[in-house]
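I opened this notebook to record what I looked up in one structure. The entries follow the order in which I consulted the coordinates.

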Amino acid sequence: MSIQSAFDRGKGILRLAPAWVPRSFCVPGRRIKLHPDDYYALGGERGGIDERWFASTTPADNGPLTGEHEGLSKVVFEDGGKVEELLLRDAVAELGGNLIGKKMWDEYGKWPMYSKFFDNKGALPHHIHHRDQHAGNVGQMGKPEAYFFPTQVNNYGADFPYTFFGFEAGTTREQVRQALIDFVKGDNKITNLAKAYRLEPGTGWDVPPGLLHAPGSLCTYEPQRASDVFAMYQSLVGDQIVPTNLLWKDTPADRIGDIDYLMEVIDWEANLDPNFKEKHFMRPKPVKPVEEMKAEGYIENWICYRSSAFSAKELTVFPGRTVTIKDSGAYGIIMMQGHGKMGDWDIETPTMIRFGQFTHDEYFVSIQAANEGVVISNPSRTDPIVMLKHFGPDNPDMEME
Ligand SMILES: [Zn+2]
């Protein structure tokens, strides 16, 4: 079947297959519904699966062993009882503006974000994503990202549900410089200079590029710009040594070994901001007056609303209700709870998924379908439908904060 006929048959909504991604340096937190036998489905050398990527046209960068389509979302459709798959990336290339909107297609020539579940048992090292000016030195774009901790996948917080951000006010450049010099000495103690915040299910944080962060161990829904630029500035996390090549990752060849370059990458003002929480913490915000939405049978909240590179919403449809939800832009969705119908599609929330198994919990809604309004009905008498929706850059519906 052609991409166009899959698009037409789904009335502008594409069904996606789960895209599981392993990380050799991570231990899975086992909260993303994979069968317990499948967290190492790709073999020990590839590491455990602790990520599922959503609406992704971005390949995972997992070194030489990376699978051909790792990290890429696939569109699934059935043709005369036969299941076929094609890459969302190819669907975007062929359908262009009809799928993601003319403005975005003209500006980016691709779907420029993706989201994921990040499900790590421990904390990550204090690391940084480069701003555009430094990412550009290695042919990449800067990488803003954001976090939301869905309650449905956080019945336990794992080893360290706290995240370090930036540096404690009053930290000197000399102290940070020394920690970077000490990277090769074992424990560079860079988080001694940082402040950690306790993570709270049902809330989130905005993380602009240039800001150091050591993500904690809650299971995280993570919309982000489609870029994989980073450098790890912490040498020991828990009991694990971080390899030195990750300190210099995405440093231009002629600056490798130059501590001043690592210092330039740091957005000093943002990292030492005494009002950090006020500017970066995100509690959900209703998209319009709550009573109005309740009367219509749903509640929708902005959950990521501080970046122009992407945004995200959480939609709850009450039991027994049918609603029509309009959006100005195309978006991907992942089902978190409940079951029912979205347009002509079944939507449901599997309890457990085998590696390679198809689901009905992830979709991509074209701009056309989003503009016309998506009809969602919840046949349950008790269980709400809850879905998370990830949007591309400059969502016209969002007032940035
Ligand atoms: Zn990060």
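**Entry 1. Overall form**

I note at the outset that this is a predicted model. I looked up the secondary structure and found twelve helices and 28 strands in the chain. I then took the extent of the C-alpha atoms along the principal axes, and they fill a box of roughly 60 × 45 × 45 Å. How does the radius of gyration of the chain agree with that of a compact globule? For 401 residues the globule value would be near 21 Å, and the chain has 21 Å, which agrees.

I looked up burial next: 58% of the 401 residues of the chain count as buried. The accessible surface comes to about 16,400 Å², and carbon and sulfur atoms hold 49% of that surface. For contacts between residues at least 6 apart in sequence, I recorded that 76% join residues at least 24 apart.

**Entry 2. The zinc site**

Which protein residues are the donors of the zinc ion? I found H127, H129 and H213, each through NE2, and E145 through OE, at 2.1 to 2.5 Å from the ion. Along the sequence these donor residues follow the spacing H-x1-H-x15-E-x67-H. The pair H129 and H213 links distant parts of the chain, the two residues being 84 residues apart. I placed H129 in the loop between strand 7 (127-128) and helix 5 (132-135), and H213 in strand 12 (residues 213-214).

I then checked the geometry. Why is the arrangement of the four donor atoms irregular? The angles they subtend around the zinc ion run from 81 to 155°, whereas a tetrahedral assignment would require all angles to lie between 85 and 135 degrees. For reference, the ideal angle for four tetrahedral donors is 109.5 degrees.

H129 is buried at a relative accessible area of 6%, and H213 is buried at 0%.

I located V207 in strand 11 (residues 204-207). V207 has 1% relative accessibility and counts as buried. Leaving out residues up to four places away in sequence, I found V207 touching P144, E145, A146, Y147, F165 and H213. E145 and H213 in that list are also donors of the zinc ion.

In helix 2 (residues 88-95) I marked L88, A91, V92 and L95 as buried. Viewed down the axis, these buried residues fall within an arc of 100°, so they line one face of helix 2. Just after helix 2, G96 takes a positive phi of about 50°.

In helix 6 (residues 173-181) the buried residues I noted are V176, A179 and L180. They cover an arc of only 100° around the axis, which puts them on the same side of helix 6. Where do the buried residues of helix 6 pack? Their partners are helix 7 (244-247), helix 8 (259-265) and helix 9 (268-271).

I looked up two residues other than glycine with a positive phi. A55 has a phi near 45° and sits in the loop between strand 3 (48-54) and strand 4 (74-79). K189 has a phi of about 55° and belongs to the loop between helix 6 and strand 10 (195-198). Are these residues buried or exposed? A55 counts as buried at 0% relative accessibility, whereas K189 is partly exposed at 48%.

I found L388 in strand 28 (residues 385-391), buried at a relative accessible area of 0%. Its contacts beyond four places in sequence include F148, P150, Y221, I303, K313 and E314. The C-alpha atoms of L388 and E300 lie 9.7 Å apart, at a separation of 88 residues along the chain.

N301 is in strand 20 (residues 298-304) and is buried at 15%. Setting aside neighbours within four places in sequence, I recorded contacts of N301 with P284, K285, P286, V287, A312, K313 and E314.

Methods: Residues numbered from 1 in each chain as written. Predicted model: local features only at pLDDT ≥ 70, side-chain atom pairs only at ≥ 80, totals over all residues. Heavy atoms only, no water. Donors = N, O, S within 2.8 Å, 3.2 Å for Na, K, Ca; no water. Tetrahedral: all angles 85-135°; square planar, octahedral: opposite > 155°, others 65-115°. Helix = DSSP H or I, 4+ residues; strand = E, 2+ residues; numbered from the N terminus. Buried < 20%, exposed > 50% of the residue type's maximum accessible area, 1.4 Å probe, protein only. Rg over C-alpha atoms; globule rule 2.2 N^0.38 Å. Contact = heavy atoms within 4.5 Å. Areas by Shrake-Rupley, 256 points an atom, 1.4 Å probe, with all protein chains shown as cover. Arc of directions from axis to C-beta.
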